[in-house]
Amino acid sequence: MLSQAAKLTTRVCAPSSMVKACFARSYTVGANVINAAADAPLYDITGKKVNANDVFKGKKVVLFGLPGAFTPVCSSKHVPGFVQHSEAIKGKGVDDIVCVSINDHFVMKAWGASMNVAEKVTLLADPSGKFTKAIGMDTDLSDSAFHGGRSKRYAMVIDNGVVKTENVEEKLQNLELSAAESILKGL
């Protein structure tokens, strides 16, 4: 987890009723994802292990996370929004758009194929949830249909490993702060 010294809390938040939730975070703008998640493996859709350095070093990346593949909001709005706006986002100097979910790489591969993400969005599996936990985006959904540890719904702009903006939804079913359109407006 990140040190207390890394706290710089500039965030994009929607309605004022959500501001408290947006700022009540331990992970903050200005933090280095490469350092925080150095030992947290991710897997591409072929099963190849990648790390935070591979994903973020020397690149400007839009990273978004969501509770799970094949779930309603994730499949009908969140990922399709980034697919639809990928050219415009990349046109603003973004090298890659990366989606991380606490699923295995087989699920992520099937999900990507079902949604025709092709080269527009890179899907990465976080089967153990270590990456999600390392960046402070884990949540316990044991008492829900998700049955256990999952990811919050969020989006970040990360430049050479450093978080420049962080947008976290107050509720998993919401898609406003972390939507592709919100990220695009902030670039």
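Two strands are taken to pair if DSSP finds at least two bridges between them; helices (H or I, at least four residues) and strands (E, at least two) are DSSP runs, numbered from the N terminus. The model is predicted, so that local features need pLDDT of at least 70 and side-chain atom pairs count only at pLDDT 80 or more, while totals for chains, interfaces and linings use all residues. Residues are numbered from 1 along each chain as its sequence is written, and side-chain values use heavy atoms, with hydrogens and water left out. Throughout, buried means under 20% relative accessible area, exposed over 50%, and partly exposed in between (1.4 Å probe, protein chains only).

**Strand pairing around strand 8**

- Strand 8 (residues 154-159) runs antiparallel to strand 9 (residues 162-168), and six bridges join the two.
- The bridge partner of tyrosine 154 in strand 9 is valine 168.
- Strands 8 and 9 make up a hairpin with two residues between them. In its turn, asparagine 160 has a positive phi of about 50 degrees.
- Strand 3 (residues 60-66) is also antiparallel to strand 8, again through six bridges. Here glycine 65 stands opposite tyrosine 154.
- Of the six residues of strand 8, five are buried, leaving the strand mostly covered.
- Lysine 152 belongs to the loop between strand 7 (149-151) and strand 8. Lysine 152 is classed as partly exposed because its relative accessible area is 23%.
- Between lysine 152 and aspartate 138 the C-alpha to C-alpha distance is 6.0 Å, with the two 14 residues apart in sequence.

**Strand 4 and its parallel partners**

- Strand 4 (96-101) pairs with strand 3 in the parallel sense over six bridges. Glycine 65 stands opposite valine 100 of strand 4.
- Strand 4 also pairs with strand 5 in the parallel sense, over four bridges. Cysteine 99 has leucine 123 as its bridge partner in strand 5.
- Both faces of strand 4 are covered: the buried residues are Asp96, Val98 and Val100 on one side, and Ile97, Cys99 and Ser101 on the other.

**Helix 6**

- The buried residues of helix 6 (residues 105-114) are His105, Met108, Trp111 and Gly112. These residues lie on the same side of helix 6 because they cover an arc of only 125 degrees around the axis, the arc being that of the directions from the helix axis to the C-beta atoms.
- Phe106 and Ala113 are exposed on the other side of helix 6.
- At the start of helix 6, the backbone nitrogen of phenylalanine 106 has a side-chain oxygen of aspartate 104 within 2.9 Å. A polar contact is a pair of N or O atoms within 3.5 Å; within protein, one must be able to donate a hydrogen and the other to accept it, and residues adjacent in sequence count only if both atoms are side-chain atoms.

**Aromatic pairs**

- The structure holds three aromatic pairs. Rings of Phe, Tyr and Trp (its six-membered ring) pair if their centres lie within 6.5 Å; planes under 30 degrees apart count as stacked, over 60 as edge-to-face and the rest as tilted.
- One of them is the stacked pair of phenylalanine 64 and phenylalanine 82, at 4.1 Å centre to centre and 15 degrees between the planes. This pair links phenylalanine 64 in strand 3 with phenylalanine 82 in helix 4 (residues 72-84), 18 residues apart.
- Phenylalanine 64 counts as buried because its relative accessibility is 0%, and phenylalanine 82 counts as buried at 0% as well.
- Phenylalanine 70 and tryptophan 111 form a tilted pair, 6.4 Å centre to centre with 50 degrees between the planes. This pair connects the loop between strand 3 and helix 4, which holds phenylalanine 70, to tryptophan 111 in helix 6, 41 residues apart.
- Phenylalanine 70 is partly exposed, with a relative accessible area of 49%, whereas tryptophan 111 is buried at 0%.

**Largest pocket**

- The largest pocket has a volume of about 360 Å³. A pocket is, on a 1 Å grid over the protein atoms alone, an open set of points where a 1.4 Å probe fits, with protein on both sides within 12 Å along at least five of seven lines; lining residues have an atom within 4 Å of a point. Grid points are joined across faces, edges and corners, and a volume is the space filled by probe spheres set on the points.
- Its lining comprises 21 residues, of which Asp44, Ile45, Val121, Thr122 and Leu123 lie nearest the centre.
- Helix 6 gives the largest share of the lining, four residues.
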